[in-house]
Amino acid sequence: MDWMNFTPQQSLLGGLLIGLATALLWLLNGRIAGISGIAAGSLTSSCTERWWRLAFVLGLVLSSWVWLLLAPLPEVQVTSNYQLVALAGLLVGFGARLGSGCTSGHGICGLSRLSGRSLVATVTFMTVAMVTVFVVRHLL
């Protein structure tokens, strides 16, 4: 752990905001805040469904610019090959589609609803992520 850059207050605040947004979407709209489902639905849903989905995705994109007004964003250094990063992103999207949801839908919303299917999906996501990191960092 990088103790020099450990930010428990910001992490707690971020987690609380994610939980609040998730609860509000569920309570006010009856929808689960699964990002992959919301993003996919913004392209394929009916007109009335499309607007709230587009607003949600736009909020995700614009939030980093709003944060820039409050504090500087951390510097991002990509040390990997950009083609490999693009391939990884496509594989994550494929996996989210294959798993009928992503980590936000299963890991945050599904687990909080005590969904067995979401528990299996989240354990699978995390296991594959750990194995991938081990293989990339230690075997390749």
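## What counts as partly exposed

A residue is called buried under 20% relative accessible area, exposed over 50%, and partly exposed in between. Arg 31, with a relative accessible area of 30%, is therefore partly exposed.

## Model confidence

What you have here is a predicted model. The protein averages a pLDDT of 86, and 99% of the residues score at least 70.

## A salt-bridge trio around Glu 49

The count of salt bridges comes to 2. In one of them, Glu 49 pairs with Arg 31, with the closest N and O atoms 2.7 Å apart. Glu 49 sits in helix α3 while Arg 31 belongs to the loop between α1 (8-29) and α2 (35-44), so this pair ties together parts that are 18 residues apart in sequence.

Glu 49 also meets Arg 53 in a salt bridge, at 3.1 Å from N to O. These two are 4 residues apart in helix α3, about one helical turn.

## Two loop residues with positive phi

Most residues other than glycine have a negative phi, so a couple of spots are worth a look. Ser 100, not a glycine, has a positive phi of about 55°. Ser 100 lies in the loop between α4 (82-98) and α5, and its relative accessibility of 51% makes it exposed.

Leu 114 is another non-glycine with a positive phi, this time of about 60°. You'll find Leu 114 in the loop between α5 and α6. With 77% relative accessibility, Leu 114 is exposed as well.

Which residues make the nonpolar surface patch of about 1,000 Å²? The contributors are Leu 58, Leu 60, Val 61, Leu 62, Trp 65, Trp 67, Leu 68, Leu 69, Leu 70 and Leu 73.

Leu 73, one of these patch residues, is in the loop between α3 (47-70) and α4. Its relative accessibility is 39%, so Leu 73 counts as partly exposed.

Methods. Residues numbered from 1 in each chain as written. Predicted model: local features only at pLDDT ≥ 70, side-chain atom pairs only at ≥ 80, totals over all residues. Heavy atoms only, no water. pLDDT = per-residue confidence, 0-100. Buried < 20%, exposed > 50% of the residue type's maximum accessible area, 1.4 Å probe, protein only. Patch = residues over 30% accessible without salt bridge, like charges linked within 9 Å, V, L, I, M, F, W, Y side chains within 5 Å. Areas by Shrake-Rupley, 256 points an atom, 1.4 Å probe, with all protein chains shown as cover. Salt bridge = Lys/Arg side-chain N within 4 Å of Asp/Glu carboxyl O.
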